[in-house]
Amino acid sequence: MLTASRIRNAKPKAKPCKLFDGRGLYLEVRPNGGKWWRYKYRRPGTRKENTLSLGTFPDVSLRKARARLQAARDLLADGIDPGEARKADKQAAAKAAEPVATFAECARKWMRNKAPGWSDSSREKARLVVDDYLIPALGDRPIASLTSADVLAVLRDMDRRAPSLARKAAGAANAIVRVAISEGVREEGRLLDLNLRDNLPRQRKGHLPAATTPASVATVMRAIQSIASPVTRAALLVCAYTAQRPGNVAAMRWDDLDLAAAEWLIPAEVMKMRNAHIVPLSRQVVALVEGMREYTGGRGYVFPPIAQQGNSHLHRDALSKALRDAGLQGKQTPHGLRATLRTVARERLGIPADVLEAQLAHAKRGETQAAYDRGTLLDERLERVQEWCDYLDALAAGGDVVAFKRRAARRI
């Protein structure tokens, strides 16, 4: 067996030489004077010969080298290759030293990857769910250890405040975790198990609340006219007058308006059916839009964001909140104003169904949208839209609402 003095006195030679200590341990003396501890052993299972480095002398003394030898032999006795165990330890240490990927980082990456293919409304909805709900609650959590229970706690809280958004948030959370797995920052196959059917109250399905009688429409119109914010009030009135989707109204751009021709061209990329849609504008709508110039200078979006709002235009959720605050919760939603037009204009004003469907952009499958809008229906729609807006104003002013148009009523 080796001694400390023999090791110190070992002289380098022209070729590496080995000084053996026993049980597979030896000291390799190199021509440059370097002295390396080595352990020669056979791998478990294959019995192939392998050599494990145990450090250099004098940093690793004879006593320490023998201790490291014993630790390696203990692993072998348990059927563990000490060389492979060392590699695994190094990989684990390197991984531990890497910055920890958080939920917020993966959420941002998911948004960047998906946003180019989304419409403006889809992009804004995803931003709302991620920035306003998921990141505040989960943003700092390591994505590698995020559990289904962590996310479900957030979803249950969301369900009490915004049930429809809770389900969208669940889909977003699952997608974000898939991004983490694909990036190698979360273990392969560790998807979230968000069983909403068993973990959230059953969502009631049905039509969105909407006024469908003249009396209820009058109540809604007066409530909208009483809203304090001029921007929110104007946007809701445009929703009522045009019956367009709230998201499209909130994101109306000056560049899409031809006020001289009284037309609003909604680009295909922001429409639900991906077809451009022309909306004829009544005198009331033109006046409302012109009134927004003092807030925007006629550039960008028509309806600017309200105070403390982070997005670049009025958010459609601000419209919903305004109706709720005006006492219309469960009675009227901004989207429900489309149903109001479809029902009341047909029954009370006798407006043909095809004209109403064209106004709502409910084009039948296979029809060309440009022809649908640019044909004779566009002129008729402008006439009928003006009739509808005058009717709404009359109701709000307290007009008589007793008779149906198809019965030749002369009163409102």
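Residues are numbered from 1 along each chain as its sequence is written, and side-chain values use heavy atoms, with hydrogens and water left out. Because the model is predicted, local features require pLDDT of at least 70 and side-chain atom pairs count only at pLDDT 80 or more, whereas totals for chains, interfaces and linings use all residues.

Strands of a sheet pair through backbone hydrogen bonds, either parallel or antiparallel. Here, helices (H or I, at least four residues) and strands (E, at least two) are DSSP runs, numbered from the N terminus, and two strands pair if DSSP finds at least two bridges between them. Four strands form an open, antiparallel sheet in the order E1-E2-E3-E4. Strand E1 (17-22) and strand E4 (49-57) stand at its edges with a single partner strand each, so one side of each lacks a neighbour in the sheet. From one strand to the next, the twist averages 30°. Within this sheet, strand E2 (residues 25-29) and strand E3 (residues 35-42) are joined by five bridges in the antiparallel sense, and leucine 25 stands opposite tyrosine 39 in E3. Helix H2 (residues 62-77) packs on the sheet and touches E1, E2, E3 and E4, where contact means heavy atoms within 4.5 Å. The direction of H2 makes about 20° with that of E3; angles run from 0 to 180 degrees between N-to-C directions, and axes are lines fitted to C-alpha atoms, for helices over the stretch in contact.

Another open sheet has three strands in the order E5-E6-E7, again with antiparallel pairing. Its edge strands, E5 (257-258) and E7 (277-280), each pair on one side only. Strand E6 (residues 263-266) is joined to E7 by four bridges, and glutamate 263 faces proline 280 in E7.

Turning to the helices, H4 (residues 103-114) and H7 (residues 163-182) pack at an angle of about 95°, with their axes 9 Å apart. H4 is therefore roughly perpendicular to H7, a class that covers 65 to 115 degrees, while angles under 35 count as roughly parallel, over 145 as roughly antiparallel and the rest as oblique. Phe103, Cys106, Ala107, Lys109 and Trp110 of H4 meet Ala172, Ala175, Ile176, Val179 and Ala180 of H7.

Cysteine 106 is buried, with a relative accessible area of 6%; buried means under 20%, exposed over 50%, and partly exposed in between (1.4 Å probe, protein chains only). Cysteine 239 is also buried, at 0%. The structure holds zero disulfides, a disulfide being a pair of cysteine sulfur atoms within 2.5 Å.
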